[in-house]
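Q: Could you walk me through this model, starting with the annotated region and then going into the details?

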Amino acid sequence: MELILPRKITDLLRRELRGRRNEIGGVIVAEHVGGETFRIVELSVQRSGGTTMHFIRDPKQSKAFLSDFFARTGGNYRRFNYIGEWHSHPTFEPVPSRNDIQAMYQIVEDPEVGANFAVLIIVRLFFRRSLKMSATLFRAGLPPERVVVLLERKTPGLLSRLRSLFKK
């Protein structure tokens, strides 16, 4: 799987992470652009509910964000849909913890959620400017897989691979 990460999203993450000692996070919505490639369109930002070591997503805030997004995209779920979760690790490496992995499997294995897969992005800000992140794909019954994240620059069509950001 590949995720295209637009500049507006990386700029948003830098702004939101700057100066924070507690974890923040939210949900991610994306556009399906073909095959197993998705372009992140928006993400919600929940600034409360986190500690230095833990983040708990507020289901009401996420539901309201998703309802608004789906209303704006005309309920075109084949093209625009929930793709996963994100949160920060301000003091730890940006890799999924055991609790993160368990939470993601709960999402993909819950028939009420109805997600065939979900991506978890964990991000950390270094020196107020540089983002370091991991992106992991979760599918019911399968081991987690690393996701390739492509940075979308200001000039359309120019993408750079960030494989070096991902460590297993």
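**Annotated region and helix 3**

A: Over residues 11-124 the chain is 29% helix and 29% strand, with the end C-alpha atoms 13 Å apart; helices (H or I, at least four residues) and strands (E, at least two) are DSSP runs, numbered from the N terminus. This is a predicted model, in which local features need pLDDT of at least 70 and side-chain atom pairs count only at pLDDT 80 or more, while totals for chains, interfaces and linings use all residues. Residues are numbered from 1 along each chain as its sequence is written, and side-chain values use heavy atoms, with hydrogens and water left out.

Q: Which annotation covers residues 11-124?
A: The UniProt record, an unreviewed entry, gives "domain: JAB" for residues 11-124; UniProt positions are in the numbering used here, feature names are shortened, and annotations may be inferred rather than shown by experiment.

Q: Now helix 3: which residues are buried there?
A: Asp-100, Met-104, Tyr-105, Ile-107 and Val-108 are buried in helix 3, where buried means under 20% relative accessible area, exposed over 50% and partly exposed in between (1.4 Å probe, protein chains only). Seen down the axis of helix 3, the buried residues fall within an arc of 155°, so they line one face of the helix; the arc is that of the directions from the helix axis to the C-beta atoms.

Q: And what is exposed on the other side?
A: Arg-98 and Gln-106 are exposed there.

Q: What covers the buried residues of helix 3?
A: The cover includes strand 4 (80-88), strand 5 (118-126) and strand 6 (130-138), with contact meaning heavy atoms within 4.5 Å.
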